[in-house]
Amino acid sequence: MSLILFVLVVRVRDGLPLSASTDFEHNVELQERKQQLRTISRTLASFPERSSMKGQELDIHLLSWEGVSYMSVCHRSMSLTKVFCFLEDLRWEFSACYKPNLVALATRPYPFLHFDDIIQKLKQQYEQKGGPALQVTLTEVQEDLRLRPPQIVSLEEVVLTNGAANGHVEQLSSSGQSTKLEPVTAPGILALVLNIMCASLNVIRGVHLLEYTFQDDHDNLWNVAAFLLAFVCGAVQCHLYLFHSRHKTAKSAVLLSAVVVCNVFLLGLRNAWQVAFHVGVASLATVLIVTRGVRRDRTHDCGV
């Protein structure tokens, strides 16, 4: 087995993968470590300049410098001095090939995949000769590590930190899958259009009634509040349909109940057919929100 099994170069500010090595070894622990690297890349700003994470046979090491993080999965028999010598060499080579403005302007994942050729040469250098290839020396790195040792981070902490930092897309570290909603359907588009129309009617009626209330009748403030609350409920329903959210069933039920209450309260300003229309649109949106499931897509490795 190789000592250096996988290398990933990532932009620190947003976790965008810039380059990676082609790995020719496939085992369960390596796949777990690769997934954990992607987990770590989403919270790199919270990591120190040097970090290490211990596994069973394979360890993760990272070195961050000038907005770029160089991460590797290495066999635990490889000494820390050689690991960080390798990462320092990697940093020198990457900095020489790609200027900071190129890194900052990158928008798509893996824009510098050709850097894998250099990664393979460095890996070969360390596998066969067991030493650094460029400006750094083992003695210098060993002394630097003695003065500033890498922080040891547990992999459990990494998983918990990632779970707390996620938004509407939830990454599952153990399975390498990401939670995404199913594609929008034709009934969904219809519900969105009708919901936007109802929300627009509510806000227009509410604003007009508010102007009249300030001029003549202050008793209509509750009607204004009902119109505006119905508008907010419609807008939130659109958001719940389009984006993944936890406890969406409970949220949808609360929103539907609010729409029903508002329209019943406005029965004097709307006829029964109008109330039925608004409640029907809200009910359709609720059904579609609850029934729109999630799909599980494997995290893309982009061939690396």
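Which residues in α8 meet which residues in α9? In this predicted model, the α8 side of the contact is made up of Trp-222, Asn-223, Ala-226, Leu-229, Ala-230, Cys-233, Val-236, Gln-237 and Leu-240. Across from them, α9 brings in Lys-251, Ser-252, Leu-255, Leu-256, Ala-258, Val-259, Cys-262 and Phe-265. Sorted by type, the residues of this contact come out as 13 nonpolar, three polar and one charged.

As for the geometry, two packed helices are described by the angle between their axes and the distance between the axes. Here, helix α8 spans residues 221–242 and helix α9 spans residues 248–265. Their axes come within 9 Å and cross at roughly 150°. Since angles over 145 degrees count as roughly antiparallel, that crossing makes α8 roughly antiparallel to α9. The handedness of the α8 and α9 crossing is left-handed.

Turning to the strands, β4 (residues 58–65) pairs with β3 and also with β5. With strand β3 (residues 50–53), the pairing is antiparallel and runs over four bridges; in one of them, Arg-50 has Leu-63 of β4 as its bridge partner. β3 and β4 make a hairpin, with four residues sitting between the two strands.

On to strand β5 (residues 68–75), which pairs with β4 in the antiparallel sense over eight bridges. Asp-59 stands opposite Cys-74 of β5.

Technical notes: Residues numbered from 1 in each chain as written. Predicted model: local features only at pLDDT ≥ 70, side-chain atom pairs only at ≥ 80, totals over all residues. Heavy atoms only, no water. Axes fitted to C-alpha atoms, helices over the stretch in contact; angles between N-to-C directions. Parallel < 35°, antiparallel > 145°, perpendicular 65-115°, else oblique. Left-handed = near helix turned anticlockwise from the far one by under 90°. Contact = heavy atoms within 4.5 Å. Nonpolar A, V, L, I, M, F, W, Y, C, P; charged D, E, K, R; others polar. Pairing = 2+ DSSP bridges.
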